[in-house]
Amino acid sequence: MITFVLVHGAWHDGSAWNPVRQQLESQGHSAYTPTAAGHGKGADKTVSHAQSVQSIVDFIVQHDLREVVLVGHSYGGTLISKVVEQIPDRIKRLVFWNAFVLNDGESLNDNAPPHYRSLFDPMSEAAPDKAVMLPFPIWREAFINDGDLELAQRSYAQLSPEPYQFNEKLDLKKFYEIIRSGQVACSYLNCSEDMALPHGEWAWHPRMSSRLGLFRLVQMPGSHEVIFSNPAGLAGKLIEAGRD
Amino acid sequence: MITFVLVHGAWHDGSAWNPVRQQLESQGHSAYTPTAAGHGKGADKTVSHAQSVQSIVDFIVQHDLREVVLVGHSYGGTLISKVVEQIPDRIKRLVFWNAFVLNDGESLNDNAPPHYRSLFDPMSEAAPDKAVMLPFPIWREAFINDGDLELAQRSYAQLSPEPYQFNEKLDLKKFYEIIRSGQVACSYLNCSEDMALPHGEWAWHPRMSSRLGLFRLVQMPGSHEVIFSNPAGLAGKLIEAGRD
Amino acid sequence: MITFVLVHGAWHDGSAWNPVRQQLESQGHSAYTPTAAGHGKGADKTVSHAQSVQSIVDFIVQHDLREVVLVGHSYGGTLISKVVEQIPDRIKRLVFWNAFVLNDGESLNDNAPPHYRSLFDPMSEAAPDKAVMLPFPIWREAFINDGDLELAQRSYAQLSPEPYQFNEKLDLKKFYEIIRSGQVACSYLNCSEDMALPHGEWAWHPRMSSRLGLFRLVQMPGSHEVIFSNPAGLAGKLIEAGRD
């Protein structure tokens with residue numbers, strides 16, 4: 001049985017995983033769903049990427065979790081890449097689910113198409129806490145394209161502004177040493193209708209996934225938000241991605 | 001409930017949609033399947049692209065259709081792009097199903113691989129009415145690759161020569177103003193085994209779809225001709241693409 | 001009903017097809033599963049590509065098979081491309097299942113990513129019979145990514161070292177004459193999670209498949225090794241690829 005730690009993406013918090021967690025637990029696995037620092041409704045959004053990373057490290061250490069399959073969704077990929085640098089001995093496998101795998105020294109925005117950068121940079125500039133919100137039309141059409149309008153609205157109501165860490169450039173030398181040496185294995189789960197990053201030049205897969213070297217590819221139908229539109233299917237694919 | 005107007009592709013006419021229309025109606029939607037001018041058996045094939053467009057506009061106006069989800073298949077994408085320029089207030093959403101989305105000033109042939117151009121240009125030259133027919137081997141292998149031979153033959157018998165509008169260059173400035181402003185929403189439905197345009201450099205998606213700006217992607221298994229090989233599946237995905 | 005000759009890939013032998021063969025036979029088709037010379041446990045591995053080809057030709061002639069649908073998997077694609085040159089009148093259709101379609105004058109290694117070449121060249125150099133084995137971690141993560149560990153181990157135990165023909169450059173002029181003339185039809189079956197060749201620049205499809213000219217594309221979910229993880233599904237798709 002697998003010990004999952006599930007790390008959410010931008011605008012989400014740990015509660016978004018609840019239906020997935022229940023699916024995993026009903027099949028005998030353990031699943032932990034920490035909310036990264038700076039995330040969730042009412043949280044102080046003025047936190048750095050390092051602080052968000054540290055909150056996940058602390059969660060794993062405090063719960064003394066071992067042999068962890070550490071899953072990161074979207075922005076969460078940037079968190080798990082840094083978490084594993086601090087506690088590689090507790091991590092058995094990293095699973096990037098339509099998640100950013102940054103090159104050493106790059107920021108998330110270095111890997112996002114220009115229209116996102118030109119949307120979020122001024123939005124952050126104008127916000128007192130620099131946090132940014134995803135506009136609903138983008139959510140509905142490009143993030144949860146496989147859901148109906150009611151689901152799109154209901155899930156959007158669960159989101160909250162994102163601390164603006166998208167321009168922080170990350171030192172990932174140790175991450176690449178760890179995965180290239182084979183000390184920690186890697187999987188990439190790709191949803192085939194995920195358009196949060198557009199297909200083609202800026203696509204998640206194989207652009208991001210190929211940076212992992214030898215990795216296990218798992219794919220499923222669905223949008224960037226199968227966490228809402230198909231949690232049972234997502235749970236099944238996380239098991240396929242996470243098992244030995 | 002959705003009001004669909006379904007615009008067929010080259011060599012097809014409106015009757016090809018019958019099984020899809022019945023599926024949509026059985027689920028409570030309205031579906032209209034006009035045949036574009038110059039199309040269908042026995043029609044005069046010496047019509048321009050503008051005339052084919054006008055026939056669809058006239059159909060929508062005469063039936064006083066509003067809040068229309070206007071679907072175009074293949075060549076039909078070039079029709080709906082021009083139809084929406086004339087009656088944007090009647091159109092709620094455009095759905096391009098493996099359909100051409102031309103850049104402003106381009107022709108269909110500007111977006112087709114060279115082997116089609118070198119096949120159809122001389123064939124049109126030699127025909128009294130300039131109309132062209134799709135050779136059966138291409139139909140069988142590249143258009144309806146998911147059907148058996150009997151279905152390929154039966155559906156081929158429903159086709160008719162296509163008025164040769166493939167070299168007409170279209171002014172699409174108003175189309176792009178309408179969709180870029182968000183006045184009319186867009187979806188792109190892509191069948192994953194569609195080889196009417198070969199995968200790679202000349203593929204439908206994301207080459208054509210990305211020109212739409214913010215759009216909703218829907219995908220399904222199947223060939224360019226799921227209208228024949230899987231009409232119920234196609235109807236379901238048109239609803240997914242067409243809903244709010 | 002179809003007469004299949006199923007040609008295995010590298011490290012495999014004909015017995016790997018047994019469950020697929022049974023599926024095909026249970027649906028009324030004939031299926032032959034020869035082991036190419038130099039392949040299988042205990043075989044002399046010092047055989048050339050021409051010798052492996054000849055063994056398949058001899059099998060078909062000795063069994064007096066006609067109207068054959070000749071299937072090649074992976075490296076087996078290089079065999080069937082040369083087999084059809086010798087006995088085109090016995091072959092009705094070639095089916096490349098995630099198989100190499102080499103350009104005239106190229107070797108398999110000319111079409112494989114550099115990390116394979118740098119792995120296998122020195123391994124062959126060091127082996128008395130020049131044969132090479134696929135390391136288990138690559139098998140588990142990149143070849144049979146859709147199986148569980150138990151299946152990965154059990155199927156790996158069926159493999160055997162591969163005669164090192166990967167650098168032999170093949171004259172394929174006659175092959176291309178045969179398929180370009182339409183004398184023998186072609187299909188390409190692509191498994192969407194096949195990472196034996198990584199997606200992107202080095203992908204099976206459309207890189208290899210597009211060399212066939214007019215061909216029938218069939219796709220299915222799964223890894224490079226659905227022969228083990230989904231033999232019934234594979235059999236169904238081989239019928240779809242192989243029928244008229």
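**Notes on the predicted three-chain model**

1. Confidence first: chain A has an average pLDDT of 98, and 100% of its residues score at least 70; pLDDT is the predictor's confidence in each residue, on a scale from 0 to 100. For the model as a whole, ipTM comes to 0.97 and pTM to 0.98. Where pLDDT is low, predicted coordinates should not be read in detail.

2. Some housekeeping before the details. This is a predicted model, in which local features need pLDDT of at least 70 and side-chain atom pairs count only at pLDDT 80 or more, while totals for chains, interfaces and linings use all residues. Residues are numbered from 1 along each chain as its sequence is written, and chains are lettered from A and ligands numbered from 1 in the order in which they are written.

3. Start with the sheet in chain B. It is open, has six strands in the order β2-β1-β3-β4-β5-β6, and the pairing is parallel. At the edges sit β2 (30–32) and β6 (216–220) of chain B, each pairing on one side only. On average, neighbouring strands of this sheet are turned by 20 degrees against each other, direction ignored. For the terms: helices (H or I, at least four residues) and strands (E, at least two) are DSSP runs numbered from the N terminus, and two strands pair if DSSP finds at least two bridges between them. Strands of a sheet pair through backbone hydrogen bonds, either parallel or antiparallel.

4. Why call β4(B) largely enclosed by the rest of the structure? Because six of its seven residues are buried. A residue is buried if 20 or more other C-beta atoms lie within 10 Å of its own, exposed if 12 or fewer, and partly exposed in between, with C-beta atoms placed from the backbone.

5. Now the neighbours of β4(B). On one side, β3(B) runs parallel to β4(B) and is joined to it by six bridges, with V69(B) standing opposite R93(B).

6. Y188(B) is the residue opposite L217(B) in β6(B). Helix α9 (residues 231–242) of chain B packs on the sheet, touching β1 (3–7), β3 (68–73), β4 (91–97), β5 and β6 of chain B, and its direction makes about 170 degrees with that of β6(B). Axes are lines fitted to C-alpha atoms (for helices, over the stretch in contact), and angles run from 0 to 180 degrees between N-to-C directions.

7. Chain A also has an open six-stranded sheet, ordered β2-β1-β3-β4-β5-β6 with parallel pairing. Its edge strands are β2 (30–32) and β6 (216–220) of chain A, and the twist averages 20 degrees from one strand to the next. Strand β1 (residues 3–7) of chain A is held to β2(A) by three bridges; T3(A) has S30(A) as its bridge partner.

8. Which residues meet between chains A and B? There, 13 residues of chain A are in contact with 11 residues of chain B; contact means C-beta atoms, placed from the backbone, within 7 Å. Helix α5 (residues 136–143) of chain A gives the largest share of chain A's side, four residues. That side holds six nonpolar, four polar and three charged residues. In this scheme Ala, Val, Leu, Ile, Met, Phe, Trp, Tyr, Cys and Pro are nonpolar, Asp, Glu, Lys and Arg are charged, and the others, Gly among them, are polar.

9. Most residues other than glycine have a negative phi, and most peptide bonds are trans. The bond from H205(A) to P206(A) is cis, with omega near 5 degrees, and P206(A) lies in the loop between β5 (185–191) and β6 of chain A. In chain B, H205(B) and P206(B) are likewise joined by a cis bond, omega about 5 degrees.

10. Two residues in chain C have positive phi. W11(C) has phi near 70 degrees and is found in the loop between β1 (3–7) and α1 (18–26) of chain C; it has 21 C-beta neighbours inside 10 Å, so W11(C) counts as buried. For D64(C), phi is near 50 degrees, and this residue lies in the loop between α2 (49–62) and β3 (68–73) of chain C. D64(C) is exposed, with 7 other C-beta atoms within 10 Å.

Note on methods:
Two residues are in contact if their C-beta atoms, placed from the backbone, lie within 7 Å.
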